[in-house]
Amino acid sequence: MNSADLGFSFNQSKNGDVSITHNGKRAATLRKEKAEWFLEDMSNLNFEGQQQEMARLTGNYRRGNERTAKQHPRNR
């Protein structure tokens with residue numbers, strides 16, 4: 001497993017829809033213009049970029065500030 005591999009993959013169906021999966025479970029389905037845009041974007045990115053883009057689209061994206069936010073007095 002690659003260190004850049006976040007566990008995302010995608011498949012295009014016959015009708016043009018794109019299904020994004022995360023660790024084998026469906027995370028999102030893109031249709032029509034969004035699916036076309038996504039496929040065009042994926043063709044221009046390397047593997048790490050593809051993984052990051054799919055994480056952003058599905059909302060499974062860590063921003064790096066979770067630990068800091070956990071320590072904040074408001075969240076105690």
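Glutamate 53 lies in helix α2, which covers residues 47-58, in a model that is predicted. Glutamate 53 counts as buried because its relative accessibility is 16%, under the limit of 20%. Leaving out residues up to four places away in sequence, the contacts of glutamate 53 are Trp37, Asp41, Met42 and Leu45.

Just after the helix, glycine 59 adopts a positive phi of about 85°.

The chain as a whole gives these details their setting. It contains 3 helices and 3 strands, and their order from the N terminus is β-β-β-α-α-α. Of the 76 residues in the chain, 26% are buried. When contacts between residues at least 6 apart in sequence are considered, 37% of them join residues at least 24 apart.

Strands β1 and β2 run antiparallel and are joined by 5 bridges. Within this pairing, phenylalanine 10 has isoleucine 20 of β2 as its bridge partner. The hairpin of β1 and β2 has 5 residues between the strands, and glycine 16 in this hairpin takes a positive phi near 100°. Strands β2 and β3 are likewise antiparallel, with 5 bridges between them. Here valine 18 stands opposite leucine 30 of β3. The hairpin of β2 and β3 has 2 residues between the strands.

Asparagine 23 is located in the loop between β2 and β3. Its phi is near 55°, a positive value in a residue that is not glycine. Most residues other than glycine have a negative phi. Asparagine 23 counts as exposed because its relative accessibility is 57%, and the limit for that term is over 50%. Lysine 32, a residue of helix α1, also has a positive phi, of about 50°, although it is not a glycine. Lysine 32 counts as exposed because its relative accessibility is 62%.

The structure holds 1 aromatic pair. Phenylalanine 10 and phenylalanine 38 form this pair in an edge-to-face arrangement, with 5.1 Å from centre to centre and 85° between the planes. The pair connects distant parts of the chain: phenylalanine 10 is in strand β1 (residues 8-12), phenylalanine 38 is in helix α1 (residues 32-43), and 28 residues separate them. Phenylalanine 10 counts as partly exposed because its relative accessibility is 27%, whereas phenylalanine 38 counts as buried because its relative accessibility is 0%. Apart from neighbours within four places in sequence, phenylalanine 38 touches Phe10, Val18, Ile20, Leu30, Met54 and Leu57.

In soluble globular proteins, nonpolar side chains tend to be buried together. The largest nonpolar core in this model has 10 residues: Phe8, Val18, Ile20, Ala28, Leu30, Ala35, Phe38, Met42, Met54 and Ala55. Two or more residues of this core come from each of β2 (18-22), β3 (25-30), α1 and α2. Helix α1 gives the largest share, 3 residues. Met42, a member of this core, is also one of the residues that glutamate 53 touches.

Key
Residues numbered from 1 in each chain as written. Predicted model: local features only at pLDDT ≥ 70, side-chain atom pairs only at ≥ 80, totals over all residues. Heavy atoms only, no water. Helix = DSSP H or I, 4+ residues; strand = E, 2+ residues; numbered from the N terminus. Buried < 20%, exposed > 50% of the residue type's maximum accessible area, 1.4 Å probe, protein only. Contact = heavy atoms within 4.5 Å. Phe/Tyr/Trp six-rings, centres within 6.5 Å; stacked < 30°, edge-to-face > 60°. Core = buried A, V, L, I, M, F, W, Y, C linked by side-chain atoms within 4.5 Å. Pairing = 2+ DSSP bridges.
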